Amino acid sequence: MRKEETPAEAKRAILDYCLGKGALAAGVADLEAIERIAPAGHRPSDLMPRVRSVISLGVGGQTQGAWTVPAKAMAYFGSTETRAYAIAYGCAFFIESRFGARSIYCPPDLDNESGPRVPLQSLKLHAELAGLGARSLAGDILLHPEFGYMYFASVFTELELPPDAPMAENPCPHVSCVALFRRTGQTPCMKFCPVQCLSGDIDEHGRQAEMHYDMAACAEMSEQYEALPRMLDQAIAAGDAAEREAILTDLDNSMAWYKMSVGSGGLLAQCFECMRVCPIAIGAPGADPIRRAALNHRTAPEPEGSSGGSSEGS
Ligand code: SF4
Ligand code: SF4
């Protein structure tokens, strides 16, 4: 670290870098808490033995128009996560060059030893502990009261930085969701999930009491929007090797291999119906670029020691 910079000043510079590159919110997660909560093999120290800090950042998701497209298109419309990864990459280089501390962009990818649904690290846990979102009744998707639904990326570094705290208040359930739940026993996300994989309870204070999420049902529903399983299904059913090769290298299908090789497009889908009807995901004051511009977000960052991560509009 530069001699003239304290850990708090270094943190400020790093979070400002993330916000300046387009993150809506950024913060530092409590490393001890992640190490305690994450399962063995998926703790930051499993990936980077000398890690001292985990930085999380979030970027905006869909435009308002994207919420009007059919589910098969929605699966791809909101994929702004590559922007989050680019900022995280740059942030890791920024820390190394400015503070001389080894840093990595945390890979968002799956753990190839643990099957197709287990990530190397939970970026969601990092973001939650850094104060960038709270778990919703829609399968624990993180929601932010100001920015709604975001995509997250993480950076690990050997530089020690003071951590932020998780959000003190959970914006989910929204007051309108509580009203619907009182009348019908379901919130909008529960009601409009096509496979009814969400359920739960809300207490007398209007707060989450229980949340149930059938991940297998959600995955089965969502994966119908993935081109890859269908392509492989057709290839497996081919009558002979020549037909199989023709299917796999068909002009249209080869586009999927190309997209995979450049990391373009969603490879794990969501059908998004739960978020399409969520008043926070679509209606938060800074939920899309037009609203954010109108609100003139880009004011001074929060003072050091305040709860939760810093955000563009805080
Ligand atoms: S993504 Fe679709 S299937 Fe999964 S919980 Fe949301 S609405 Fe249900
Ligand atoms: S619709 Fe959104 S705010 Fe309402 S309960 Fe579901 S996730 Fe929470």
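**Figure 1. What the buried side of helix α5 packs against.** In this predicted model, the buried residues of α5 pack against α1 (7-20), β2 (53-60), β3 (103-105) and β6 (148-157). Those residues are A84, Y85, I87, A88, C91, A92 and I95. They sit on the same side of α5, because they cover an arc of only 160 degrees around the axis. (The arc is taken over the directions from the helix axis to the C-beta atoms.) An α-helix has 3.6 residues a turn, so residues three or four places apart point the same way. As for terms, "buried" means 20 or more other C-beta atoms within 10 Å of a residue's own, "exposed" means 12 or fewer, and "partly exposed" is in between, with C-beta atoms placed from the backbone. Helices (H or I, at least four residues) and strands (E, at least two) are DSSP runs numbered from the N terminus.

A note on conventions: residues are numbered from 1 along each chain as its sequence is written, while chains are lettered from A and ligands numbered from 1 in the order in which they are written. Since the model is predicted, local features need pLDDT of at least 70 and side-chain atom pairs count only at pLDDT 80 or more, whereas totals for chains, interfaces and linings use all residues.

Figure 2. Helix α5 runs over residues 81-99, and its 19 residues should span 27 Å at 1.5 Å a residue; the end C-alpha atoms are 26 Å apart, which agrees. (The expected span is 1.5 Å times one less than the number of residues.) After α5 comes G100, with a positive phi near 65 degrees. Helix α1 gets the same check: its 14 residues should span 20 Å, and the end C-alpha atoms are 20 Å apart, which agrees. G22, with a positive phi near 120 degrees, follows α1. In α1, the buried residues are A10, K11, I14, L15, Y17, C18 and L19. Their cover includes β1 (25-29), β2, α5 and β9 (310-311).

**Figure 3. The shell around ligand 2.** Of the 13 residues around ligand 2, the nearest are C172, C177, T187, C189 and C278. Two or more shell residues come from each of α8 (188-192) and α14 (279-283). This shell holds 10 nonpolar residues, three polar and no charged. Domain 1 (7-171 + 281-303) and domain 2 (175-212) each give at least three residues to the shell; the domain bounds come from an automatic or database domain assignment. C172 also shows up in a cis peptide bond, joined to P173 with omega about 5 degrees. P173 sits in the loop between β6 and α7 (175-184).

Figure 4. Most residues other than glycine have a negative phi, and most peptide bonds are trans. F272 isn't a glycine, yet its phi is positive, about 75 degrees. It lies in the loop between α12 (251-261) and α13, and F272 counts as buried because it has 25 C-beta neighbours inside 10 Å. Q196 is another non-glycine residue with a positive phi, near 50 degrees. Its loop runs between α8 and β7 (198-202), and with 13 C-beta neighbours inside 10 Å, Q196 is partly exposed.

Figure 5. T68 is in the loop between β2 and α4 (71-77). With 12 C-beta neighbours inside 10 Å, T68 is exposed. Along the chain T68 and R276 are 208 residues apart, but their C-alpha atoms are separated by 8.2 Å. P107 belongs to the loop between β3 and α6 (123-129) and is partly exposed, with 16 other C-beta atoms within 10 Å.

Conventions. A residue is near a molecule or strand if its C-beta atom, placed from the backbone, lies within 6 Å of it. Ala, Val, Leu, Ile, Met, Phe, Trp, Tyr, Cys and Pro count as nonpolar, Asp, Glu, Lys and Arg as charged, and the others, Gly among them, as polar. Two residues are in contact if their C-beta atoms, placed from the backbone, lie within 7 Å.
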